[in-house]
Amino acid sequence: MTLDVSDPKINEAYLKVRDDKSETNWLLLDYESDISNTLQLTKTGTGGLAELSEHLDESKGSYAYARVSFSNDKESKREKFILVSWIGSRCKIMRKARMTVHLATVKEVLRAYSIEVAAQEKDDLKEDPIVKRLRKAGGASYDGI
């Protein structure tokens, strides 16, 4: 039941999402098959959380990593990272159970993030609520949030 995350494409995509000079701002990892314990890079993108949510499959359990940009005031721009555990509404029960165990290994690979988002509906990846959580997690806030 050990999770295999050895595919070098995973780390390459992770580094691209973390790179401020890269337009890539999210990555999606899926299991190779319904019975597999091997993660593979499914997709990367530049369209933020809205684009990422379009690629989530209701029948799968997936992990995603994303860079979220937001402003605290007129002069500042922040970029924070989130780790997403996606469990679709039609995801099989054994996959759900394995994902809870595998999450620790995923956190070792996608290691630098501000918040973790457990998503079961695509609305869980709406940007405004996530930005609010990021602001709270970020410490000092001068705009009353």
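**Entry 1: a word to start with**

A residue is called buried when its relative accessible area is under 20%. I take valine 84 as my opening case: its relative accessibility is 1%, so I count it as buried. One caution for anyone joining me here is that the model is predicted.

Where does valine 84 sit? I found it in strand S4. I then looked up its contacts, leaving out residues up to four places away in sequence: valine 84 touches Ser62, Tyr63, Ala64, Val117, Ala119 and Leu125.

**Entry 2: tryptophan 86**

I stayed in strand S4, where tryptophan 86 also has its place. Is tryptophan 86 buried or exposed? Its relative accessible area is 1%, so tryptophan 86 is buried.

Next I listed what tryptophan 86 is in contact with, again setting aside neighbours within four places in sequence.

**Entry 3: the aromatic rings**

How many aromatic pairs does a search of the whole structure find? I got three. I looked at tyrosine 65 with phenylalanine 81: the ring centres are 5.7 Å apart and the planes meet at 10°, so I log this pair as stacked. Planes under 30 degrees apart are what that word asks for.

Tyrosine 65 belongs to strand S3 (residues 61–70) and phenylalanine 81 to strand S4 (residues 78–87), so the pair ties together parts that are 16 residues apart in sequence. I checked how accessible each partner is. Tyrosine 65 has 0% relative accessibility and counts as buried, and phenylalanine 81, with a relative accessible area of 9%, is buried too.

Ring pairs also bring in Tyr14, which is linked with Tyr65 and Phe81 into a cluster.

**Entry 4: charges over rings**

I went back to phenylalanine 81 and found arginine 18 over its face, 4.2 Å from the ring centre. What sits over the ring of tyrosine 31? There I found the charged end of arginine 95, at 3.6 Å from the ring's centre.

Valine 17 is part of helix H1 (residues 8–18). Its relative accessible area is 0%, so I wrote it down as buried. Not counting residues up to four places away in sequence, valine 17 touches Thr24, Asn25, Trp26, Leu27, Tyr65, Ala66, Arg67 and Phe81. Both members of the stacked pair, Tyr65 and Phe81, are on that list. I also looked up glycine 45, which is 28 residues from valine 17 in sequence and 9.1 Å from it in space, C-alpha to C-alpha.

Leucine 110 was my next stop, in the loop between H3 and strand S5 (115–119). Leucine 110 counts as buried, at 0% relative accessibility. Which residues does leucine 110 touch, not counting those up to four places away in sequence? My list reads Tyr14, Leu27, Leu29, Tyr65 and Leu83. Asparagine 11 is 99 residues from leucine 110 along the chain, yet 8.2 Å separates their C-alpha atoms.

**Entry 5: the largest pocket**

Last, I turned to open space. The largest pocket holds about 190 Å³. It is lined by 13 residues, and the closest to its centre are Ser33, Asp34, Ser59, Lys60 and Arg95.

What kinds of residue make up the lining? I sorted them into seven charged, three polar and three nonpolar. Strand S1 (26–31) and helix H3 (93–109) each supply at least two lining residues. H3 gives the most, with three.

Methods. Residues are numbered from 1 along each chain as its sequence is written. This is a predicted model: local features need pLDDT of at least 70, side-chain atom pairs count only at pLDDT 80 or more; totals for chains, interfaces and linings use all residues. Side-chain values use heavy atoms; hydrogens and water are left out. On a 1 Å grid over the protein atoms alone, a cavity is a set of points where a 1.4 Å probe fits but cannot get out, and a pocket is an open set with protein on both sides within 12 Å along at least five of seven lines; lining residues have an atom within 4 Å of a point. Grid points are joined across faces, edges and corners, and a volume is the space filled by probe spheres set on the points. Helices (H or I, at least four residues) and strands (E, at least two) are DSSP runs, numbered from the N terminus. Ala, Val, Leu, Ile, Met, Phe, Trp, Tyr, Cys and Pro count as nonpolar, Asp, Glu, Lys and Arg as charged, and the others, Gly among them, as polar. Rings of Phe, Tyr and Trp (its six-membered ring) pair if their centres lie within 6.5 Å; planes under 30 degrees apart count as stacked, over 60 as edge-to-face and the rest as tilted. Buried means under 20% relative accessible area, exposed over 50%, partly exposed in between (1.4 Å probe, protein chains only). A charge sits over a ring if NZ of Lys or CZ of Arg is within 6 Å of the ring centre and within 35 degrees of the ring normal. Contact means heavy atoms within 4.5 Å.
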